[in-house]
Amino acid sequence: MEREYLRLRPVRTLGGAVVEVEEPLADGDAVATGDRVKVRLRLRAHRSLEHLILEDPRPAGLEPVERLSGTFHGPDLYGRREIHPEATVFFVGRLEEGQQVLEHVLRAESPGVFRAPPARGEGMYLPEVAGSSKSFRILTLAPDSNESPN
């Protein structure tokens, strides 16, 4: 499992619409309070699997944009998403062989230096089927701050 953080920067198009451009964040990079940050989880399965739980702990200064638990549907994934105070948890009914992607969006709320523990996934009935990502450190700066991101 790999986890990637991307700042979503609003950009106005020539037609006047606003689109969000994804800017990859490295471990230790800074965002401003109010910034939206996409979390992308890349899952690789060597065979089709059923009944997985994926827990993505979030940095303390970031909060989910979508605050309601419920179902999620993607091209190749479906299941239930639960929003917990410290993490977003995905229950996946079936994971096909190959690479799949899960995404969710956070908003930077509080200034500070925060660390997200590794995301972790495992089979609910096959705990030997498991994987995890690396931890991630992010700085959240007040919008008018001139602090260095490192």
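Figure 1. Leaving aside neighbours within four places in sequence, L106 is in contact (heavy atoms within 4.5 Å) with Y5, D35, R36, V37, V39, R58, P59, L62, E63, P64 and V65. The model is predicted: local features need pLDDT of at least 70, side-chain atom pairs count only at pLDDT 80 or more, and totals for chains, interfaces and linings use all residues. Residues are numbered from 1 along each chain as its sequence is written, and side-chain values use heavy atoms, with hydrogens and water left out. L106 belongs to strand β10; strands (E, at least two residues) and helices (H or I, at least four) are DSSP runs numbered from the N terminus. With a relative accessible area of 0%, L106 is buried, where buried means under 20% relative accessible area, exposed over 50% and partly exposed in between (1.4 Å probe, protein chains only). The C-alpha atoms of L106 and L62 are separated by 5.9 Å, although these residues stand 44 residues apart along the chain.

**Figure 2. H104 and its polar partner D56.** H104 also lies in strand β10 and is buried, its relative accessible area being 9%. The side chains of H104 and D56 are joined by a polar contact of 2.7 Å. A polar contact is a pair of N or O atoms within 3.5 Å; within protein, one atom must be able to donate a hydrogen and the other to accept it, and residues adjacent in sequence count only if both atoms are side-chain atoms. Apart from neighbours within four places in sequence, H104 is in contact with V37, K38, V39, D56, T88 and F90.

**Figure 3. Strand β4 and its two pairing partners.** Of the 10 residues of strand β4 (residues 36-45), 7 are buried, so this strand is largely enclosed by the rest of the structure. Two strands pair if DSSP finds at least two bridges between them. Strand β1 (residues 2-12) pairs with β4 in the antiparallel sense over 7 bridges, and L6 stands opposite K38 of β4. Strand β10 (residues 98-108) and β4 also pair in the antiparallel sense, over 10 bridges; here A45 has G98 of β10 as its bridge partner.

Figure 4. Side chains of opposite charge can pair when their charged atoms come close. A salt bridge is a side-chain nitrogen of Lys or Arg within 4 Å of a carboxyl oxygen of Asp or Glu, and by this rule the count comes to 16 salt bridges. One of them joins the side chains of R42 and E4 (3.5 Å, N to O). Since R42 lies in strand β4 and E4 in strand β1, the pair ties together parts that are 38 residues apart in sequence. R42 is partly exposed at 24% relative accessible area, and E4 is partly exposed at 23%. R40 forms a salt bridge with E22, with the closest N and O atoms 3.0 Å apart. R40 lies in strand β4 and E22 in strand β2 (residues 18-25), so this pair ties together parts that are 18 residues apart in sequence. E22 counts as partly exposed at 33% relative accessibility, whereas R40 counts as buried at 12%. R40 also forms a salt bridge with E103, the closest N and O atoms being 2.5 Å apart. As E103 lies in strand β10 and R40 in strand β4, the pair ties together parts that are 63 residues apart in sequence. E103 is partly exposed, with a relative accessible area of 37%. A network of salt bridges links E4, E22, K38, R40, R42 and E103.

Figure 5. Strands β7 (residues 70-73) and β8 (residues 78-83) run antiparallel and are joined by 4 bridges; they form a hairpin with 4 residues between them. T71 has R80 of β8 as its bridge partner. Strand β8 is joined by 5 bridges to strand β9 (residues 87-95), which runs antiparallel to it, and R80 stands opposite F91 in β9. The β8 and β9 strands form a hairpin with 3 residues between them.

**Figure 6. S133 in the loop between β13 and β14.** S133 is placed in the loop between β13 (130-132) and β14 (136-141) and counts as buried at 10% relative accessibility. A polar atom of the S133 side chain lies 2.8 Å from the backbone nitrogen of A119. Not counting residues up to four places away in sequence, S133 touches M1, E2, R3, P118 and A119.
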